[in-house]
Structures are given as C-alpha cells and as structure tokens.
Amino acid sequence: MGLFNRKNGFFDKLKSGLEKTKKLLLTDVDDLILGAKVIDQKLYDDIEEALIMADVGPTFAHELIERMQEQVKRKQLTQPELLKKVLRESMEEILVSGGIPPVSAPAGSSLVIMVIGVNGTGKTTTIGKLARAYKDEGKEVLLVAADTFRAAAIEQLEVWANRTGSPLVKQQAGADPSAVVFDAMKAASSGKQPIVIIDTAGRLHTKVNLMEELKKMKRIMGRELPGAPHETYLVLDATTGQNAVSQARLFHDEIGISGIILTKLDGTAKGGVVIHIARELKIPIRYIGVGEGLDDLRPFDAAEFVEALFD
Ligand SMILES: Nc1nc2c(ncn2[C@@H]2O[C@H](COP(=O)(O)OP(=O)(O)OP(=O)(O)O)[C@@H](O)[C@H]2O)c(=O)[nH]1
Ligand SMILES: [Mg+2]
C-alpha cells in the first residue's frame with residue numbers, strides 16, 4: 001500500500017472543495033453545448049475561450065479543443081450534447097499522460113525534501129501532514145526547522161514534531177538557515193533517517209536576497225549529501241490563481257523545483273490553476289490540500305481530479 005491510502009471521505013471533500021471551480025469551469029461550457037444546434041468551429045472557439053477564462057491556461061485549452069476535434073471526427077459525432085463526454089475524456093487523457101513518477105530515496109540514503117514558497121501558502125502545515133502520512137507508513141521523518149526568520153516559526157514546526165512523534169533539528173531564532181541545514185545533513189548522512197523534510201521561511205519571491213539564501217541552502221545540502229535535496233517542493237496557495245502560476249515559474253527558474261503542492265483547493269473557484277500549472281509549466285503536481293486537518297492532504301491523481309470535477 002502506498003503513501004496515503006484512499007481514505008474514506010477524501011473524495012467527497014475534494015468534490016465539494018472543487019464545487020466553485022467546477023461552476024466557473026463548466027457552467028459556460030455547459031450553456032454553450034446545450035445552446036448549440038451543430039458542432040462547428042464557432043462552438044469550438046467559444047468553448048476554448050470559456051476554458052481560458054477559467055484559468056486553465058491557453059496551451060491546455062488549445063490542446064483540449066484539438067483533441068476534442070479529433071475524437072468527434074473519429075467517432076463521427078454530430079450532436080453537440082455528446083461534446084461534454086468528449087471534453088471529460090480528452091481532459092483526463094491529457095492530464096494523465098502528463099504524469100511524471102515521483103522520486104524515490106536512493107539506496108541506503110535518506111530522501112531529502114526541501115519545502116519552499118512565499119509566506120502563508122501552507123508549507124509548515126503541509127510538512128506536518130506529510131510527516132503524519134509517512135509515519136502511518138512506518139517511516140520516521142526528521143523535521144528541520146530552517147525557517148529561522150519568522151517569529152515563532154520554529155515553535156510551530158515543533159508542535160507538528162510533537163504531534164507526529166518526529167525528531168526535530170533546530171537552532172535558535174535568527175540563526176543562519178544554512179547552518180541548520182548543515183546539521184540536518186549530518187544527521188541524514190548517517191542513513192538512519194529514511195525521510196528528511198526541511199521547512200524554510202516564507203518569502204516574497206521578489207526579494208533577491210531571500211532567493212539567494214534558498215540557493216545557498218540547496219548548495220550546502222548537495223555538498224554535504226550528494227544528490228540532496230532529492231525533491232524540492234514548491235507550496236502554492238490555489239486561491240491566488242494566476243499569481244500561483246507566476247510564482248511557480250519564478251521559483252522554477254531561480255531555484256529549480258521538482259514538484260508542486262497546491263493547498264487550499266477547498267472553497268476556491270481558482271482550481272483551474274491545477275491544470276494550468278501541470279500542463280503549461282510541465283512541473284508535476286505532487287499533492288493537493290483541501291483543508292486544515294491532518295488528513296486533508298493527498299497525492300494528486302489526475303483521474304480523480306477530473307472525476308471530482310465532472311461528477
Ligand atoms: N483551507 C485550507 N487551509 C490550509 C490548507 N493548508 C494550509 N492551510 C492554512 O494556511 C495557513 C498558513 O499555513 P502555514 O503552514 O503556517 O503556512 P506557511 O507557508 O508555513 O507560512 P509561513 O511560514 O508564514 O511562510 C494556516 O492557517 C493553515 O491551516 C488547506 O489545504 N486548506
Ligand atoms: Mg511556515
């Protein structure tokens with residue numbers, strides 16, 4: 001059994017969380033399809049425009065329409081109302097085929113995961129949820145308090161460490177985060193910790209010195225433990241919509257990220273960014289968060305996402 005078994009209730013939570021996204025994404029499309037008498041170029045153009053307005057990104061919208069046109073031709077469909085099913089199938093095909101398998105720990109070494117992102121996106125909370133999920137699998141997680149910047153950040157991670165029974169590497173507030181990382185890599189290279197997760201300070205992505213600090217931390221990790229960090233996850237707040245897309249682009253260019261965790265999908269109409277990011281930036285979405293509870297984080301599953309959107 002993999003990390004996070006399909007917990008009862010998560011799908012329903014995902015579905016209700018995506019309710020507003022669904023409305024934004026599909027209401028206009030539904031109206032267009034129902035109002036059309038024939039399948040013609042104008043209908044395709046209108047659907048494409050409606051999809052772009054719902055934040056899925058122009059690349060995906062275009063690709064989706066092309067694939068729909070292929071299917072309609074192949075199956076010789078003529079009734080507009082059949083387009084909804086074609087849309088769903090095409091969406092699933094594109095998103096599922098874009099999947100990239102996650103990294104696994106190199107033999108005999110720790111899997112080092114660095115978690116970055118602007119302030120308030122949900123980094124520390126997500127780390128707590130991940131620690132809990134790994135723990136449920138029987139893997140201990142070493143938590144690393146490399147956010148020495150924000151007041152009470154160390155204590156916040158410590159609460160999660162206690163709650164999940166995880167060891168914690170920390171120094172005092174204001175310490176050089178790279179020094180904390182250095183300590184953590186010493187512990188990691190002993191090979192006794194299967195998973196190491198590093199919490200970093202929330203930072204405005206425009207602040208160059210803070211980007212430089214992240215780069216330095218990454219360099220030190222690689223120097224002390226070759227290959228580390230094995231994963232660099234960027235945590236994005238789904239409610240920020242297009243802003244999340246530009247953050248992803250910037251962090252990817254500056255730091256290099258291996259995966260995205262999208263939080264706060266519950267109750268936002270901006271869930272279309274999931275598709276935009278997965279498709280336009282070609283960075284895999286690894287986890288999604290749909291609430292503040294310990295169980296409200298799940299690996300991202302494209303098929304499940306589409307199902308929740310259309311059912
Ligand atoms: N609704 C909802 N809230 C979430 C989710 N994930 C995190 N949050 C909330 O977002 C708020 C910020 O979470 P933190 O984990 O402190 O965020 P952070 O990125 O570590 O913040 P800084 O350390 O200040 O940069 C908290 O109130 C969390 O409970 C989610 O999936 N859904
Ligand atoms: Mg934090």
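Tutor: We begin with a definition: axes are lines fitted to C-alpha atoms, and angles run from 0 to 180 degrees between N-to-C directions. Please bear in mind that this is a predicted model. Helix α6 (residues 123–136) runs at about 170° to β4 (195–200).

Student: Which strands does helix α6 lie across?

Tutor: Helix α6 lies across β1 (111–116), β2 (141–146), β4, β5 (231–237), β6 (259–263), β7 and β8. Helix α10 (residues 242–254) lies across β1, β5 and β6, and runs at about 160° to β5.

Student: What is the order of the strands in the open sheet?

Tutor: The open sheet has eight strands in the order β3-β2-β4-β1-β5-β6-β7-β8, with mixed pairing.

Student: What makes β3 and β8 the edge strands?

Tutor: Strands count as paired if there are at least two bridges between them. β3 (168–169) and β8 (297–299) each pair on one side only, and they are the edge strands.

Student: How do you know that β7 and β8 pair?

Tutor: Three bridges join β7 (residues 285–289) to β8, and the definition asks for at least two, so the two strands count as a pair. They run antiparallel. In one of these details, Ile 288 has Arg 298 of β8 as its bridge partner.

Student: Why is α2 called roughly antiparallel to α3?

Tutor: The axes of α2 and helix α3 (residues 41–53) cross at roughly 170° and come within 9 Å. Angles over 145 degrees count as roughly antiparallel, which makes α2 roughly antiparallel to α3. In this contact, α2 supplies Asp 28, Val 29 and Leu 32, while α3 supplies Leu 43, Asp 46, Ile 47 and Ala 50.

Student: How many residues of each class does the contact of α2 with α3 have?

Tutor: The contact has five nonpolar and two charged residues, and no polar ones.

Student: Why are α6 and α7 called roughly parallel?

Tutor: The axes of α6 and helix α7 (residues 153–164) cross at roughly 15° and come within 10 Å. The cut-off for roughly parallel is an angle under 35 degrees, and α6 and α7 are therefore roughly parallel to each other. Their crossing is right-handed. On the α6 side are Thr 124, Ile 127, Gly 128, Ala 131, Arg 132 and Lys 135, which meet Gln 156, Leu 157, Trp 160, Arg 163 and Thr 164 of α7. By class, these residues divide into four nonpolar, four polar and three charged.

Student: How is the protein divided into domains?

Tutor: There is domain 1 (11–97) and domain 2 (111–310). Their C-alpha centres lie 32 Å apart. Domain 1 gives 24 residues to the contact and domain 2 gives 26 residues. On the domain 1 side, the elements that give two or more residues are α1 (10–17), α2 (19–35), α4 (58–74) and α5 (83–97). That side divides into 12 nonpolar, four polar and eight charged residues.

Student: Which residues does the cis peptide bond join?

Tutor: The cis peptide bond joins Ala 228 and Pro 229, with omega of about -5°. Pro 229 is found in the loop between α9 (208–224) and β5.

Student: What is the phi of Ala 152?

Tutor: Phi of Ala 152 is near 70°, a positive value in a residue other than glycine. Ala 152 is found in the loop between β2 and α7.

Conventions: Residues are numbered from 1 along each chain as its sequence is written. Chains are lettered from A and ligands numbered from 1 in the order in which they are written. This is a predicted model: local features need pLDDT of at least 70, side-chain atom pairs count only at pLDDT 80 or more; totals for chains, interfaces and linings use all residues. Helices (H or I, at least four residues) and strands (E, at least two) are DSSP runs, numbered from the N terminus. Two residues are in contact if their C-beta atoms, placed from the backbone, lie within 7 Å. Domain bounds come from an automatic or database domain assignment. Ala, Val, Leu, Ile, Met, Phe, Trp, Tyr, Cys and Pro count as nonpolar, Asp, Glu, Lys and Arg as charged, and the others, Gly among them, as polar. Angles under 35 degrees count as roughly parallel, over 145 as roughly antiparallel, 65 to 115 as roughly perpendicular and the rest as oblique. A crossing is left-handed if the near helix is turned anticlockwise from the far one by less than a right angle, and right-handed if clockwise.
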